[in-house]
Amino acid sequence: MPKRYFYSILLFCACMISCIDDINTPSVDDDIMQGGTTTVIGDYITIFQQPAANLSAEQVTKHFESDAAFGNIFVTSPATNNYGLGPLFNQNSCESCHLGNGRSPFPTNPSQLKGLLLRISIPGENQFGGPLAAPGFGGQLQTKSVFGQPREADITWEEINRIEQYVDGDHIELRQFEFHIVNPYMNVPSDLMISPRIAPPVIGLGLLEAIHENDIRLLADPDDMNEDGISGKINYVWDFIHQRETIGRFGWKASQPSLMQQSAAAYHNDMGITSPVFSSESCEGQVQCDSLTDDPEIDMHTLASTAFYPQSLAVPARRNAANENVRNGKILFNSIGCASCHHPSYTTGSHPEFDFLSNQTIYPYTDLLLHDMGEGLADHRPDFNANGNEWRTPPLWGIGLTYTVGGHQNFLHDGRARNLAEAIMWHGGEGQASKDTFRNLTKEERADVIAFLESL
């Protein structure tokens, strides 16, 4: 048995005992076990890498097999294993973007982009209602290529800073980026739209997939019929596996309906790996494409194994829930309207494949809906039903462990925020009222809100 698996099993057993003890102990808050019985206890660097606490022995074995698939480093063809990388790609493994299964930090220089990439398109829709690929570049800018082939382009950026004032006289510096495509292998379309994206955490995704569609629909209020200023809407997207339109749940704009398709899209766009879901090379029609007949380069079994890894990851428990400042921060979080979009809880439905995801009371703090977040966060690039100002509400579980896992505190879709207060102060549109109320809080109250978020 590989050593890392041995230590992971020991840690898993310890977490199981901790979870059982916590379940049997009355708690001051009902959301401590954020992932239901999948939850594990701890605040260590590998907390996002733990298998769900309620897996059977057989499922634990399957989890570690999927862990290996998630970590596989792909190489160019021909090769014995993990072949098919490129010809164009961004990274050569899932773990290269999702370091420690957490969110990627914003890169320190353009030569090492880590989990940063640019989605691209031109005005219009494709035959499925999604973004229209840019001629000669596709739907994602790929900044790496195999030997002998030109990469599509490089990415650079300028940092822009401004000061925002709190009502009590304190201030905060907000950072944003202006991205540029440089050294393209051919002329970039004049009407190209770009959307910077940073790789998000992958914990708890199986539980989000298990939320019943009706529970998401009940939260949607696209016409703001209740007149609360919040008009969340569902992003209906194309399911390539089942060939139908369905609810999008995953990605910064909820443009993916399932973890199988999310995984297939990541293989395809991030690594240039074809599968039965996306069987044509991402560079199809471009000069970089090869003439090899090795497609598809992974099969459905590999795809399912990779998808099982985020499906079976544990969610960390809340910490410091009894702390007075944390408890006050939770009250303020709700009173200033944050929970209107960051919907606290669900009970999952009956999962068709995995019993450990079924009937779980969970606290992800997301409604999985699209919201207009204002001009400051806009990317001006539509994605199915999402317009250029809209983003899916990201889950908050585990957000307080970002530094522990990744050594940074970069938040929002492009990693511009350097801490949680900056992330809040970037809210506009439907989040403007909550931001303004946060701005009006005292310094101590703002610190309490942050303390609550850091407890998640």
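These are my notebook entries on what I looked up in this predicted model.

**Entry 1. The whole chain**

I started with the overall dimensions. The C-alpha trace spans about 65 × 50 × 40 Å along its principal axes. For 456 residues, a compact globule would have a radius of gyration near 23 Å, and the chain has 22 Å, so the two agree. I then looked up the secondary structure and found 11 helices and 14 strands in the chain.

Next I checked burial and surface. Buried residues account for 54% of the 456 residues. The accessible surface is about 19300 Å², and 52% of that belongs to carbon and sulfur atoms. I also looked at contacts with a separation of 6 or more: 66% of them are between residues 24 or more positions apart.

**Entry 2. Cysteines**

How many disulfides does a search of the whole structure find? I got 1 disulfide. The pair is C283 and C289, with sulfur atoms 2.3 Å apart. I noted that this falls within the 2.5 Å cut-off for a disulfide. The torsion about the S-S bond of C283 and C289 is about 105°, so I wrote the disulfide down as right-handed.

I compared the surroundings of the two partners. C283 has 0% relative accessibility and counts as buried, whereas C289 is partly exposed, at a relative accessible area of 25%. C338, for its part, is in no disulfide; the nearest cysteine sulfur belongs to C341 and is 8.9 Å away.

Are C338 and C341 buried or exposed? C338 is buried, with a relative accessible area of 16%. C341 is buried too, with a relative accessible area of 11%. Both values are under the 20% that marks a buried residue.

**Entry 3. Helix α2**

I checked the length of helix α2, which covers residues 57-71. At 1.5 Å a residue, the 15 residues should span 21 Å, and the end C-alpha atoms are 21 Å apart, so the helix agrees with expectation. I then listed the buried residues of α2: Q59, V60, H63, F64, S66, D67, A69 and F70.

N82 is not a glycine, yet has a positive phi of about 55°. I put N82 down as partly exposed, at 26% relative accessibility.

T80 is found in the loop too. T80 is exposed, with a relative accessible area of 72%.

**Entry 4. E227**

I found a positive phi in another loop. E227, a residue other than glycine, has phi near 55°. The residue sits in the loop between α4 (213-219) and β9 (236-239). E227 is exposed, with a relative accessible area of 72%.

**Entry 5. Strand pairs**

I looked at β6 (residues 154-165) and β7 (residues 171-182), which pair in the antiparallel sense over 12 bridges. Which residue in β7 stands opposite T156? I found H180 there.

Then I took up β8 (residues 193-198). Of its 6 residues, 5 are buried, so β8 is largely enclosed by the rest of the structure. Strand β2 (residues 116-125) and β8 run antiparallel, joined by 6 bridges. I looked up the bridge partner of L116 in β8 and found I198.

Notes
Residues are numbered from 1 along each chain as its sequence is written. This is a predicted model: local features need pLDDT of at least 70, side-chain atom pairs count only at pLDDT 80 or more; totals for chains, interfaces and linings use all residues. Side-chain values use heavy atoms; hydrogens and water are left out. Buried means under 20% relative accessible area, exposed over 50%, partly exposed in between (1.4 Å probe, protein chains only). Helices (H or I, at least four residues) and strands (E, at least two) are DSSP runs, numbered from the N terminus. The expected span of a helix is 1.5 Å times one less than its number of residues. Two strands pair if DSSP finds at least two bridges between them. The radius of gyration is taken over C-alpha atoms; the globule rule is 2.2 Å times the number of residues to the power 0.38. Contact means heavy atoms within 4.5 Å. Accessible areas come from the Shrake-Rupley method with a 1.4 Å probe; for residues, only the protein chains shown count as cover.
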